[in-house]
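The structure is shown first.

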Amino acid sequence: MREILDGLKKKSFSVAEVVDSYKGRIETFDQEIKAFLTTTFERAHEEAEIADKRIADYGDEAFKQFPLLGLPVAHKDIYLTEGVRTTAGSKVLENYIPQYSATVVERLKSAGAILIGKTNLDAWAHGSSGENSDFFPTRNPWNKEFVPGGSSSGSAAAVAAGFVPFATGTDTGGSIRLPAAFCGVVGFKPTYGRVSRYGVVAMASSLDSMGHLTRAVEDAALVLNITAGKDEFDATSLDDPISDYSKSLGEGVKGLKIGLPKEYFSGGLSKKVEEKVKEAAAVLEKLGAELLEVSLPHTEYAISVYYIIQTAEVSSNLARYDGVRYGRDRSYFGEEAKRRIMLGTHVLSSGYKGQYYNQAKRVQNLVRQDFQKVFDKVDLVLAPVSPTPPFKLGTKTDDPLEMYLSDVFSVSANLAGLPALSLPCGFTKDNLPIGMQLIGPALSEDLLFRVGHTYQSETDWHERRPKL
Amino acid sequence: MYVARLSSLPVSSKEQAFLQDQLGRIVEYVGKISEARGEAKKAEDRLTNVARKDEIEGTRVLSQEEAISGAEKTHNGFFVVPAIFEEV
């Protein structure tokens with residue numbers, strides 16, 4: 001992103017040329033990748049002309065007022081965009097035109113970013129592979145027979161394929177970090193409440209985190225500088241002041257203590273993933289960090305807790321889709337949506353609520369406490385994102401429970417409300433990306449960026465590109 | 001299916017066949033949280049209520065036109081809903 005901004009400042013190229021360049025790539029390659037549900041090229045071109053005029057009239061001053069001036073952005077089609085169709089990946093909202101935009105969309109627009117399209121996702125963000133989109137599955141740009149991961153499947157594929165310099169996503173149980181890992185890009189999840197959820201189709205309101213995907217950690221910091229901060233329209237947004245997330249990027253990792261949770265390096269973890277994640281930890285150790293083994297003892301219950309609390313909240317949030325005020329009726333819900341709504345209804349229903357929902361809330365607190373205890377000993381945690389490398393389309397679609405288990409390492413950060421950063425750390429011998437994640441204490445985003453940036457200064461996984 | 005009725009979801013008998021099985025297995029899996037041990041603080045201890053003044057916030061009110069723009073059936077600026085009662 002910095003290269004584009006520098007080039008625009010030096011007048012090496014215009015915003016219109018930047019937009020055309022990305023548009024060209026999308027038109028050439030997206031028929032096969034299918035990252036986009038809607039593209040907004042005409043309006044992008046109009047906004048590019050306005051941006052070019054701003055640069056012509058105000059020069060460098062324009063970039064002070066609009067820090068992301070001229071940068072194309074794609075929004076996961078779960079973010080409401082005024083006047084631009086927003087589907088949440090579902091047939092229920094196939095023709096829905098929002099009358100207002102999400103706060104994140106507004107903030108990025110006010111910073112000068114130019115909307116180029118809406119990306120594909122598992123319908124209602126219910127999924128870990130991208131295959132639950134009611135429209136079509138997005139493909140992994142590294143190998144089109146493989147899934148890109150989900151639910152922010154289109155956003156991850158779009159950034160990996162060079163269709164946009166950055167894209168927004170949402171992470172409720174890993175939906176940014178997992179597709180980022182599968183597509184070899186950076187996936188960022190903020191502390192719960194750090195970024196406003198206003199204007200985003202709600203999945204599980206106590207777990208949803210509004211984040212983004214980029215190629216480099218320093219880009220993720222630039223974006224968070226724009227999206228973070230209190231929003232009076234989101235009662236759960238935090239009052240805590242925001243910082244300049246780019247400031248401490250170059251401070252290195254000397255003296256930092258990094259915990260590797262032993263429960264995340266056992267059982268169903270693939271050997272290849274384990275190898276690459278441990279190599280990543282070794283890089284950080286070489287650069288001055290201290291590695292310690294830590295324990296998160298309630299990890300074995302995390303998926304169960306997550307699929308109870310999340311589905312309970314989903315059943316409530318999706319009750320509004322009755323086809324009366326907007327959208328189609330409930331017969332248009334896909335199979336996974338129906339499954340989750342019913343599961344959530346069941347765990348909240350009379351006679352079952354105590355045993356499932358209330359118990360899950362208690363165990364959620366135990367998961368939170370596990371992290372609190374660990375952060376007394378270490379500054380952050382390093383772990384795999386997915387138990388396996390990317391898998392082929394169709395391999396987990398027969399068994400929903402097997403698909404849910406893809407989230408085993410990602411859900412705990414959501415249950416505890418913690419920030420996390422997924423980074424590319426290697427490839428399988430079939431040239432499919434593998435990612436690792438850093439999880440920090442609440443509001444430690446700048447620490448995560450600092451460690452991630454240091455790792456990327458020493459490695460070049462994030463600079464590899466798929467051959468489309 | 002009882003849950004399907006509770007959640008107002010149309011479920012065909014074909015869907016019911018496999019959904020019941022899948023949901024049964026998932027419920028069985030998540031049920032293992034009953035084995036979890038440990039003293040947990042109550043969630044309520046760390047949560048506070050957030051309220052705002054009961055005033056109309058001009059910048060995010062939709063006009064009537066905007067509000068009904070997505071509805072399939074409207075009548076004189078009203079939403080049309082399926083009838084609950086029959087006319088006698």
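## Helix H8 of chain A

In this predicted model, helix H8 of chain A spans residues 217-227 and is mostly covered, with nine of its 11 residues buried.

After H8(A) comes Gly229(A), which has a positive phi, near 120°.

## Cysteines

The number of disulfides over all chains is zero. For Cys183(A), which is in no disulfide, the nearest cysteine sulfur belongs to Cys425(A) and is 14 Å away. A disulfide would need the two sulfur atoms within 2.5 Å. Cys183(A) is buried, its relative accessible area being 1%.

Cys425(A) is likewise in no disulfide, and the nearest cysteine sulfur to it is that of Cys183(A), at 14 Å. Cys425(A) is also buried, with a relative accessible area of 1%.

## Extent of the contact between chains A and B

How many residues does each chain bring to the contact? Chain B supplies 47 residues and chain A supplies 46 residues. The size of an interface is often expressed as the accessible area lost when the parts come together. Between them, chain B and chain A bury about 4,000 Å². Carbon and sulfur atoms account for 65% of that area.

## Polar interactions across the contact

Two salt bridges are counted between chain B and chain A. In one salt bridge, the side chain of Lys338(A) meets that of Glu15(B), with 3.2 Å from N to O. Residue pairs in polar contact between chain B and chain A number 11, counting pairs with both residues at pLDDT 80 or more.

## The chain B side

Which elements give two or more residues to the side of chain B that touches chain A? They are helix H1 (2-6), helix H2 (13-30) and helix H3 (64-67), each of chain B. H2(B) gives the most to this side, with 10 residues.

By class, the side of chain B that touches chain A is made up of 26 nonpolar, nine polar and 12 charged residues.

How values were computed
Residues numbered from 1 in each chain as written. Chains lettered and ligands numbered in written order. Predicted model: local features only at pLDDT ≥ 70, side-chain atom pairs only at ≥ 80, totals over all residues. Heavy atoms only, no water. Contact = heavy atoms within 4.5 Å. Buried area = accessible area lost by both parts, 1.4 Å probe. Salt bridge = Lys/Arg side-chain N within 4 Å of Asp/Glu carboxyl O. Polar contact = N/O pair within 3.5 Å; in protein donor to acceptor, adjacent residues only side chain to side chain. Helix = DSSP H or I, 4+ residues; strand = E, 2+ residues; numbered from the N terminus. Nonpolar A, V, L, I, M, F, W, Y, C, P; charged D, E, K, R; others polar. Buried < 20%, exposed > 50% of the residue type's maximum accessible area, 1.4 Å probe, protein only.
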